[in-house]
Amino acid sequence: MGRWEPNARERLAKAALELYSERGYEQTTVAEIAKRAGLTERTYFRHYADKREVLFDGSGALQELFVNAVAEAPETAAPIDAVAAGLEAVGTVFVDRREHSRRRQAVIVANAELQERELIKLSSLSAALADALRRRGVSEPAASLTAEAGVAVFKVGFERWTADPEDGTLARAMRESLAELKAVTAGG
């Protein structure tokens, strides 16, 4: 019986992305996701608070990885370079996840409610990064400005990477985006 098989969380996430891609987010119900995964609706709600959250499941772990990499950057690193260390760490998470990321991004871009949820998650990430920078001794407003810049680099790099027909890595796309930001702020 499917409902007793392991990896229920992963099966639900896979089924949700498939259905959202096939039918659209708004036209898909939790019951349909659960059925596609071979599980019950009750099981779905044991793993995810709502229909949206299945697309943002890894955001907490991603935030933790990013913040820890910023915190562990060399003490002598400039704030933006500490954030760059975080961007590099985050880039490693998405190795071999490009197609999944493209499909997920397409679902989010097609729905205003999901775009709003994405912005909330990015705002939370920015606040956590600013806090990590303050713990490193970066004062305000530099900590908040650097955190916001880091999130912007992540967002732009991620969008570029998912849209790029080449087989580059997310880490490279974020390095390129960061270099462009540095050039713009240097007046170049």
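At what angle do α5 and helix α9 pack, and how far apart are their axes?

**Ground rules**

I am working with a predicted model, where local features need pLDDT of at least 70, side-chain atom pairs count only at pLDDT 80 or more, and totals for chains, interfaces and linings use all residues. Residues are numbered from 1 along each chain as its sequence is written, and side-chain values use heavy atoms, with hydrogens and water left out.

**Two helices**

I found that α5 and α9 (residues 170–185) pack at about 160°, with axes 8 Å apart. That angle makes α5 roughly antiparallel to α9 (angles under 35 degrees count as roughly parallel, over 145 as roughly antiparallel, 65 to 115 as roughly perpendicular and the rest as oblique). The axes are lines fitted to C-alpha atoms, for helices over the stretch in contact, and angles run from 0 to 180 degrees between N-to-C directions. Helices here are DSSP runs (H or I, at least four residues), as are strands (E, at least two), numbered from the N terminus.

Next I listed who touches whom, with contact meaning heavy atoms within 4.5 Å. On the α5 side I noted I80, D81, A84, L87, E88, V90 and G91, which meet L170, A171, M174, R175, L178 and K182 in α9.

**Aromatic rings**

I then counted 7 aromatic pairs (rings of Phe, Tyr and Trp, the last by its six-membered ring, pair if their centres lie within 6.5 Å; planes under 30 degrees apart are stacked, over 60 edge-to-face and the rest tilted). F94 and F158 form an edge-to-face pair, with 5.5 Å between centres and 70° between planes. F94 lies in the loop between α5 (79–93) and α6 (98–109) and F158 in helix α8 (residues 142–163), so this pair ties together parts 64 residues apart in sequence.

Buried or exposed, I asked of F94? F94 counts as buried at 14% relative accessibility, and F158 is buried too, at 6% (buried is under 20% relative accessible area, exposed over 50%, partly exposed in between, with a 1.4 Å probe and protein chains only).

F94 also pairs edge-to-face with W161, at 6.0 Å and 70°. I noted that F94, F154, F158 and W161 form one aromatic cluster.

My last stop was A69, in helix α4 (residues 59–72). A69 is buried, with a relative accessible area of 15%. Leaving out residues up to four places away in sequence, A69 touches A82, A85, G86 and A89. The C-alpha atoms of A69 and A89 are separated by 6.5 Å, although these residues are 20 apart along the chain.
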